[in-house]
Amino acid sequence: MIKTRFTEMFGVKHPIVQGGMQWVGRAELTSAVANAGALGFLTALTQPTPEDLRKEVKRCREMTDQPFGVNLTILPTLVPRPYGEYIDAIIESGVKIVETAGNNPKPFLPKLKNAGIKVIHKCTSVRHGISAEKVGVDAISMDGFECAGHPGEDDIPNLVLLPAAANVINIPMIASGGFGDARGLVAALALGCEGINMGTRFMATQEAPIHDKVKQALVAGDERSTALIFRTMRNTSRVFGNSVAKKAIEMELEGKTIKEIGPLVAGTRGKVVYETGDMEHGIWSAGTVMGIIRDIPTCKALVERIVGEAEEMIRGKLSRAIAA
Ligand code: NAD
């Protein structure tokens with residue numbers, strides 16, 4: 001067992017988090033992660049309405065008696081979403097852990113804290129981490145440039161981002177972006193974090209509720225298989241480098257607006273990729289961690305492998321590296 005301030009604070013067995021993932025963070029995956037002793041998150045915006053989120057929380061509870069949370073990402077969307085109503089749904093569902101992302105969580109914090117909810121804020125820079133600590137979140141998930149989805153605009157990979165953040169952030173910090181195996185977990189602990197967050201790696205598991213072709217693409221892909229879209233709009237997103245992503249970049253470089261590119265990149269099209277396995281139907285998020293994903297285990301096997309090998313590495317290879 002690897003015990004850290006994170007495992008203590010959130011009441012989970014292992015220092016591993018399955019962070020929010022649009023269309024993927026559903027009850028099947030989140031409950032499997034929870035049952036494996038790690039911390040899973042349902043993704044609020046995957047549910048079309050706050051009422052659907054209430055039902056999803058209930059469904060997840062029927063599949064696990066272990067703690068899990070809800071992710072709420074606040075970023076530009078093609079169709080406006082009622083964030084306040086999603087917050088109310090989370091609170092009314094009795095969920096006790098929330099992952100905020102994409103924007104400053106300050107406006108929502110009083111409500112969440114009054115409801116006794118612990119908040120992990122996912123951010124992509126040291127300065128945003130400092131602000132989040134100041135406004136009172138309980139932990140930070142620090143997301144480096146390697147990550148899937150939105151890495152921010154600073155392009156700082158985790159080898160520098162994490163220790164730079166650890167130098168100035170006092171609350172527990174989870175390392176996010178590029179993590180997928182025991183080597184990553186041990187490195188994260190060494191870099192000043194108390195656990196790891198994995199998204200793409202959890203997509204390539206038996207329980208992830210997505211088409212097998214997507215999982216096979218993650219195994220076949222390597223560290224160069226992603227593309228960065230929305231760079232010109234300062235809303236960078238790392239996605240699988242398929243023909244749709246390439247077309248979106250082309251349109252951006254031609255100076256097309258989000259209104260013109262929107263129909264191509266809409267999340268509703270990415271949802272079809274996950275449902276049907278039609279890999280060129282839309283954009284879908286994936287991280288550079290594809291470079292180390294080589295199989296599709298169960299969540300339990302994956303979590304146990306990572307923690308088991310990490311313990312072995314710390315006790316064995318690393319301690320033996322010290323000269324007598
Ligand atoms: P959507 O269909 O509303 O939008 C598709 C993409 O276009 C998203 O990446 C969105 O950020 C971008 N976009 C929309 N309006 C924009 C604008 N005015 N300027 C620049 N970019 C714009 O998104 P969705 O797939 O339904 O996802 C819902 C939300 O979840 C989005 O905000 C999305 O970014 C976010 N998300 C976050 C992650 C993550 O890394 N945490 C991963 C996937 C999706």
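This is a predicted model: local features need pLDDT of at least 70, side-chain atom pairs count only at pLDDT 80 or more; totals for chains, interfaces and linings use all residues.
Let me begin with Arg231, which has a relative accessible area of 29% and therefore counts as partly exposed, where buried means under 20% relative accessible area, exposed over 50%, and partly exposed in between, computed with a 1.4 Å probe and the protein chains only. Residues are numbered from 1 along each chain as its sequence is written, and side-chain values use heavy atoms, with hydrogens and water left out.

Side chains of opposite charge can pair when their charged atoms come close. Arg231 forms a salt bridge with Asp155, at 2.7 Å from N to O. Asp155 lies in the loop between strand 6 and helix 7, whereas Arg231 lies in the loop between strand 9 and strand 10, so this pair ties together parts that are 76 residues apart in sequence. Helices (H or I, at least four residues) and strands (E, at least two) are DSSP runs here, numbered from the N terminus. Asp155, at 30% relative accessibility, counts as partly exposed.

Arg231 also forms a salt bridge with Glu153, the closest N and O atoms being 3.7 Å apart. That pair, too, links distant parts of the chain, with Glu153 in the loop between strand 6 (139–143) and helix 7 (158–168), 78 residues from Arg231. Glu153 is partly exposed, with a relative accessible area of 22%.

What is the distance between the closest N and O atoms in the salt bridge of Arg59 with Glu56? For Arg59 and Glu56 that distance is 3.0 Å, and both residues lie in helix 3 (residues 50–63), 3 residues apart, which is about one turn of the helix. Arg59 is partly exposed at 30% relative accessibility, whereas Glu56 is buried, with a relative accessible area of 7%.

Helix 3 also holds Pro50, which counts as buried at 11% relative accessibility. Not counting residues up to four places away in sequence, Pro50 touches Pro82, Glu85, Tyr86 and Ala89, contact meaning heavy atoms within 4.5 Å. The C-alpha atoms of Pro50 and Ile90, which are 40 residues apart along the chain, are separated by 8.3 Å.

Let us turn now to the ligand. Which residues are closest to the ligand? There are 19 residues around the ligand, and the closest are Pro76, Leu78, His150, Asn235 and Gly267, where a residue is near a molecule if one of its heavy atoms lies within 4 Å of it. A backbone N or O atom of Pro76 lies 3.0 Å from an oxygen atom of the ligand, and an N or O atom in the side chain of His150 is 2.7 Å from an oxygen atom of the ligand. A polar side-chain atom of Asn235, for its part, lies 2.9 Å from a nitrogen atom of the ligand. Taken alone, the ligand exposes 780 Å², and the protein buries 84% of that, with accessible areas coming from the Shrake-Rupley method with a 1.4 Å probe and, for residues, only the protein chains shown counting as cover.

Ser237 lies in strand 10 (residues 237–240) and is buried, with a relative accessible area of 5%.

Most residues other than glycine have a negative phi. Phe230, however, has a phi near 60°, a positive value in a residue other than glycine. Phe230 sits in the loop between strand 9 (226–229) and strand 10, and is buried at a relative accessible area of 9%. Trp23 also has a positive phi, near 75°; Trp23 is found in the loop between strand 1 (16–18) and helix 2 (27–35) and counts as buried at 12% relative accessibility.

Methods: A polar contact is a pair of N or O atoms within 3.5 Å; within protein, one must be able to donate a hydrogen and the other to accept it, and residues adjacent in sequence count only if both atoms are side-chain atoms. A salt bridge is a side-chain nitrogen of Lys or Arg within 4 Å of a carboxyl oxygen of Asp or Glu.
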